[in-house]
Amino acid sequence: MLRALEQLQAEVRAPDAEPNGRITVGGPSTGLRGLLAPALPLLAARAPDLQVANIEDEPDVLLEKLLSGRIDAALLFDWEDRRTHLPATLRSTALVDDPADVIMHRGHRLAGRAQVTLADVRAETWTSAPRNAICHRWLLSLFAGSDVQPRIEHWALEYDTQLAFVTHAGALALVPRVGRPELGPGLVAVELADSTIARTIRLVWRASMDRAPAIGALRTVLGEVVEHLGPGVRAL
């Protein structure tokens, strides 16, 4: 009944109504920092009556909150070896393919390389998000099919903290380009030769909000944001 009411409201307001009211968008930290935050000034200018709030959480949690109606849209990501199955009640649009780089200290033996492979880094020490977090699983996917697992000595939820361990402990970190914190002068990003580690970031919403002006406005401005992202990031 709630979905039917939501769809009816969207149909009544669409297609010419101005976006208004309040929506809540969820995402991981990099998606919020790299995509949603830059979209907010555009939304404020074009839809001044629309209020956008956000929450940060793991993709699995965000998906559950989206399905239960506690948020209105989410920025979710997956990669080639772990595609997310979305229920029929959800809709999505792919925004960007976002490669991961290996972040290392400028004095590291691999820092002068244009690219690194799994063979180059398999014996290195890593810093990573906590076990079973999506970014931890992403790092594990780099080692999929290998006879070794990454040697993780430093655990940290935020990329900023991981970069501190790269700076001071000589660890390596697998960090995407979208929403990446600023690298200090002592750090370098080296491209991964394995292109399958790139993540696809998607905007996901409930099918009952397909024609909601707020969702349409959000999709439009996010599409504009990804067109101006840095080199090596491919808008979809």
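How much space lies in the second largest pocket?

## Second largest pocket

In this predicted model, the second largest pocket holds about 200 Å³ of space. Its lining is made up of 13 residues, of which P28, S29, E56, E58 and L157 are the closest to the pocket's centre. Sorted by class, the lining comprises 6 nonpolar, 3 polar and 4 charged residues, and at least two lining residues come from each of the helices α2 (29–46), α5 (134–142) and α6 (159–169).

## Nonpolar cores

The largest nonpolar core contains 60 residues, and the members that touch the most others are L35, W126 and L218. Helix α7 (residues 213–226) makes the greatest contribution to this core, supplying 8 residues. In soluble globular proteins, nonpolar side chains tend to be buried together.

When neighbours within four places in sequence are set aside, the contacts of L35 are T30, L75, L95, V178, I201, L222, V225, V226 and L229. Another core, of 8 residues, lies apart from the largest one, and its members include L62, L63, L66 and L90.

## Strand β5 and its partners

Strand β5 (residues 100–105) is largely enclosed by the rest of the structure, because 5 of its 6 residues are buried, where buried means under 20% relative accessible area. The strand is joined by 4 bridges to β9 (residues 173–176), in an antiparallel arrangement, and by 5 bridges to β10 (residues 187–192), again antiparallel.

D101 gives a residue-level view of both pairings: this residue stands opposite V175 in β9, while its bridge partner in β10 is E191.

Notes. Residues are numbered from 1 along each chain as its sequence is written. This is a predicted model: local features need pLDDT of at least 70, side-chain atom pairs count only at pLDDT 80 or more; totals for chains, interfaces and linings use all residues. Side-chain values use heavy atoms; hydrogens and water are left out. On a 1 Å grid over the protein atoms alone, a cavity is a set of points where a 1.4 Å probe fits but cannot get out, and a pocket is an open set with protein on both sides within 12 Å along at least five of seven lines; lining residues have an atom within 4 Å of a point. Grid points are joined across faces, edges and corners, and a volume is the space filled by probe spheres set on the points. Ala, Val, Leu, Ile, Met, Phe, Trp, Tyr, Cys and Pro count as nonpolar, Asp, Glu, Lys and Arg as charged, and the others, Gly among them, as polar. A nonpolar core is a set of buried Ala, Val, Leu, Ile, Met, Phe, Trp, Tyr and Cys residues joined through side-chain atoms within 4.5 Å. Buried means under 20% relative accessible area, exposed over 50%, partly exposed in between (1.4 Å probe, protein chains only). Contact means heavy atoms within 4.5 Å. Two strands pair if DSSP finds at least two bridges between them.
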